[in-house]
Amino acid sequence: MMNKLIIGAMVCFFVISFQFGCKKKEATPAIEQGLTPYTLQIPAGLPDMQIPSDNPMTVEGIALGKQLFFDPILSGDNTMACASCHRQSFSFTDSNLQFSIGIDHLPGTRNAMPLVNLGYQKQFFWDGGAANLESQVIGPIQNPVEMHETLVNALAELNAHPTYPALFKNVFGGDKIETAMVMKAIAQFERTLISGNSKYDQVKLGKGSFTPQEQRGLNWFTDLNKGDCAHCHVIGSTFSDFEYRNTGLDSIPVDKGRGRISLNTTDDGKFKTPSLRNIALTGPYMHDGRFKTLEECIQHYNVGYKYADNLDPNLVNAKKGRLNPADVQDIIAFLNTLTDTEFINNPKFKK
Amino acid sequence: MKFIKITFMAFIAIVSIASCKKKKTETPAPQLPPTANVAIQFENQVDGQAIELGKMQYTNAAGNKYQIDLLKYYITNVVLVKDDNTELALKNYDLINAADLSTCVVNALAVPNANYTKIKFNVGIPQDRNHNGAQNGDLDPAMGMIWDWNTGYVFFKHEGKYTNSANAVKSLIFHYATDRALTPIEVPLTTALNVNGVDKKLFIKFNLNNLYTTPTNLDFNIDNNHQSSSSADFPWIDNMKLSFADVFQFDKTE
């Protein structure tokens, strides 16, 4: 009797406390019901990737993003996709063109960037003008020298498409495809483009060893009195600290770079330090693709750089001619160990 | 035994009273509801002249003839201030397009009954929402108000033409943007907005000609293209910010 009563009371209490919770929780489900959450497989040696809370990754979202990435529907005349300028075999850069050619056969003014380990970066484009990976997506779509399409048109085409509306609804809910959904889906796919299985990574994991030349190259790369490359292209995982710097390509910059974004003239001629992963595959080099080879790049740091007003202090203090021709070849040999052939052949990234 | 039973029942009674389910109290039928909706109407004009796109029919304070081909601006974070100085914040992000009357209203829903004596809002997008394109509603990038090369919204756009001193028609383009340009506005309601359970309208005038007056009246022959994309435009932005205070005025309530 006593026991029954206590149990009864407990049940009552439970029901009541449940009632207490009658204020509706605002929390919208992180992902739409029925979707499969996706956990990134981060290779050993790479840090965790922060996924923005308003764009959690799902298997379905990634698949949709991938479909959009390869679909010319987002361009003005439906001939050009993101993948036209970002090709897997070139680490998602645009073959060996200095400037990509848009749908109107006009060249841009900057060299296409690789799409590798993007989730570690906070800002996108050579000048960091896109404040996050999602926001970057509308740039190429609307750029007159790239895909040259209006968002209104692109959305109308997607909404009238036989299969896209159902796919979007499945991933994001809602009855209409909106710009933010396109941005989020493509960003989800882009965050999966992770490279971390180069020879360098294998050596670090004890699964291989550098040749003596590659080892010398690594030494020069970090040696403050030689390459001093690691100052900016931080050695380890991302091979960049993604800071903006003037590396003295011009004494008076033609392209204002970061200055165009910060509206601060002391940032003129500064560009985002790029990652060096797969660097052997992504020539020509620099924001304007002015150097065809890695040798030209290294000779720039060795002797070529100009004393722009805001030249990075590391280069101001460096001694010109500190690398001899053999050192340069050593550094190239080291940079070649950053090529990840698994990444450029990964079937998950193919159309 | 009995004692336990009673304790439990008392406990249950207390908890149920404290529970948040509202008691249904019988209200006498004629009493008005405790809240009402307020439609805040922005009346765009140039010194009393209505906005008509594509007509060279306006004259600015400096005497330049000009036309409007596009006039859009963001009104965000509207706050209605009561006569006891307490505030009702809306958290809205509304794009006003002067050419489309249906967009020229900000709807405040379920405003508690009270006398409201002031309205506050921003022209522009606060910093925490300004640097992300993946947003919906009036912040959707398809609204054409966001820069895609430098993520951020353009807070105010006036595009059009003007007749220059040599009588030639030249283009006019004003894009007011960057965090620096976020412009807080306060408009005193000289006749209080009395919300009493019946839906109301609040009319706020927007006079474009009051915008081009700081530090002196802007001569479009000289100032005809400011796009906030270089530091050279900072003084222009700062002057616009001052002028905006005179652009919005209380008209009436209904």
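**Figure 1. Strands β4(B) and β5(B) pair in the antiparallel sense in this predicted model.** Three bridges connect β4(B) with strand β5 (residues 87-89) of chain B; helices (H or I, at least four residues) and strands (E, at least two) are DSSP runs, numbered from the N terminus, and two strands pair if DSSP finds at least two bridges between them. Within β5(B), B:Glu87 is the bridge partner of B:Val81. The two strands form a hairpin with 4 residues between them, and B:Asn85 in its turn has a positive phi of about 70°. This is a predicted model, in which local features need pLDDT of at least 70, side-chain atom pairs count only at pLDDT 80 or more, and totals for chains, interfaces and linings use all residues. Residues are numbered from 1 along each chain as its sequence is written, chains are lettered from A and ligands numbered from 1 in the order in which they are written, and side-chain values use heavy atoms, with hydrogens and water left out.

**Figure 2. Strand β4(B) also pairs with β3(B), β6(B), β8(B) and β10(B)****.** Strand β4 comprises residues 65-82 of chain B, and 15 of its 18 residues are buried, so the strand is largely enclosed by the rest of the structure. Here, buried means under 20% relative accessible area, exposed over 50%, and partly exposed in between (1.4 Å probe, protein chains only). Strand β3 (residues 58-59) of chain B runs antiparallel to β4(B) and is joined to it by 2 bridges, with B:Tyr58 and B:Tyr66 as bridge partners. These two strands form a hairpin with 5 residues between them, where B:Gly63 in the turn has a positive phi of about 90°. Strand β6 (residues 93-97) of chain B contributes 5 antiparallel bridges, and its B:Leu95 stands opposite B:Tyr74. Strand β8 (residues 114-123) of chain B is joined to β4(B) by 6 bridges, again antiparallel, and B:Thr76 is partnered there by B:Asn122.

**Figure 3. Two aromatic pairs are shown, one in chain A and one in chain B****.** The structure holds 33 aromatic pairs over all chains. Rings of Phe, Tyr and Trp (its six-membered ring) pair if their centres lie within 6.5 Å; planes under 30 degrees apart count as stacked, over 60 as edge-to-face and the rest as tilted. The ring centres of A:Phe69 and A:Phe92 are 6.2 Å apart and the planes stand at 75°, so this pair is edge-to-face. A:Phe69 belongs to helix α2 (residues 59-69) of chain A and A:Phe92 to the loop between α3 (82-85) and α4 (133-136) of chain A, so the pair ties together parts that are 23 residues apart in sequence. A:Phe69 counts as buried at 1% relative accessibility, and A:Phe92 counts as buried at 1%. In the other pair, the centres of B:Phe174 and B:Tyr212 are 4.9 Å apart with planes at 35°, so the pair is tilted. B:Phe174 lies in strand β11 (residues 169-177) of chain B, whereas B:Tyr212 lies in the loop between β13 (200-207) and β14 (225-226) of chain B, 38 residues apart. B:Phe174 is buried at 0% relative accessibility, and B:Tyr212 is buried with a relative accessible area of 1%.

**Figure 4. Buried residues line one face of helix α2(A).** The buried residues of this helix are A:Gly61, A:Ile62, A:Leu64, A:Gly65, A:Leu68 and A:Phe69.

**Figure 5. Charged side chains sit over rings in chain A****.** A charge sits over a ring if NZ of Lys or CZ of Arg is within 6 Å of the ring centre and within 35 degrees of the ring normal. A:Arg258 lies over the face of A:Tyr244, at 4.2 Å from the ring centre. The charged end of A:Lys320 is over the ring of A:Tyr305, 4.5 Å from its centre.

How values were computed: Arc of directions from axis to C-beta.
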